[in-house]
Amino acid sequence: MTDSALARVVNRRVARRRAAEPCELCGEPLPADHAHLLEERKDQVLCACRACALLFERSEAALGKFRLVPSRRIRLTGPPPSELGVPVGLAFFVRKADGAVLAHYPSPVGATRWEVDGEAWERLTGRYPELQTMESSVEAFLVAIVRGLDERWLVPIDVCHRLVALVREEWTGMSGGQRLWDRIGTFFAELGT
Ligand SMILES: [Zn+2]
Ligand SMILES: [Zn+2]
C-alpha cells in the first residue's frame with residue numbers, strides 16, 4: 001500500500017470514529033439526531049437512518065418485527081402516581097401489545113421488572129390522559145421521584161434504555177453514588193430540550 005493510500009484509509013477511520021454511530025441496518029453514518037427501531041422480540045433498540053427506518057417498519061418481511069420508535073417527549077404534571085401502590089423512585093412503565101403493563105426499575109444489574117395491576121394502571125391513566133395515547137412497546141411512562149427529583153414523562157423507549165445503561169455504568173456503592181445522581185439530574189434536565 002502506498003503512503004497516500006494508507007493515509008486515506010487512516011483518514012477514513014478517523015472520520016468514521018468522529019461521526020455518530022452508523023445505521024445498524026445499512027451502515028450509513030448517522031446524524032446525532034436519527035430514528036430508532038425497536039426489535040420487539042429482543043427488546044432491542046437499533047439506530048437507523050431515515051430510509052431504513054421507514055423501509056423496515058413497512059416491509060412485509062419485517063412486519064411486526066420492527067417498530068418505529070416515536071420521538072415525542074411530554075412532561076406530565078400533577079401529583080405523584082400513588083395509584084400504583086408502590087414507592088416509585090426511578091422507574092418506567094411499558095404497555096405490551098397484549099395490554100399488560102410492565103414496571104421496570106433500573107438497577108446496577110440492568111432493569112428488574114414486574115407486572116402492574118391493571119386496575120391501578122387504569123386509575124392512573126384516568127388522571128394522566130396523555131398516557132391513554134401511549135403506544136405499546138415503543139413508548140414509556142418514565143418517573144423519577146427520588147433524591148430531590150420530581151419528574152414524570154411520556155418518552156420514547158430508547159430514552160429509557162439510555163437511562164438503564166447510565167445506571168448500570170455509573171452505579172457505585174449501596175445507593176448509586178453522587179456522580180450517578182448528578183448525571184441522572186442532567187439526563188432529565190436535557191429531556192425537555
Ligand atoms: Zn440505514
Ligand atoms: Zn441511536
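**The largest nonpolar core**

Tutor: Happy to! Among the 39 residues of the largest nonpolar core, those touching the most other members are Phe92, Phe93, Ala140, Phe141, Leu142, Ile157 and Cys160. Two or more residues each come from strand 1 (35-39), strand 2 (44-48), helix 2 (50-58), strand 5 (89-95), strand 6 (101-107), strand 8 (139-146), strand 9 (149-156) and helix 4 (157-170). Both domain 1 (3-68) and domain 2 (74-191) supply at least three residues to this core. Keep in mind that the model is a predicted one.

Once its neighbours within four places in sequence are set aside, Ala140 is in contact with Phe92, Phe93, Val94, Val155, Ile157 and Cys160.

Now turn to helix 2, one of the elements that give two or more residues to the core. Its buried residues are Cys52, Ala53 and Phe56. Viewed down the axis of helix 2, these fall within an arc of 100°, so they line one face of the helix. An α-helix has 3.6 residues a turn, so residues three or four places apart point the same way. The cover over the buried residues of helix 2 includes strand 1, strand 2 and strand 3 (66-68).

Stepping back, the protein has five helices and nine strands, running α-β-β-α-β-β-β-β-β-α-β-β-α-α from the N terminus. Of its 193 residues, 26% count as buried. Among contacts between residues at least 6 apart in sequence, 51% join residues at least 24 apart.

Note on methods
Residues numbered from 1 in each chain as written. Chains lettered and ligands numbered in written order. Predicted model: local features only at pLDDT ≥ 70, side-chain atom pairs only at ≥ 80, totals over all residues. Core = buried A, V, L, I, M, F, W, Y, C linked by C-beta atoms within 7 Å. Buried ≥ 20, exposed ≤ 12 C-beta atoms within 10 Å, placed from the backbone. Helix = DSSP H or I, 4+ residues; strand = E, 2+ residues; numbered from the N terminus. Domains from an automatic or database assignment. Contact = placed C-beta atoms within 7 Å. Arc of directions from axis to C-beta.
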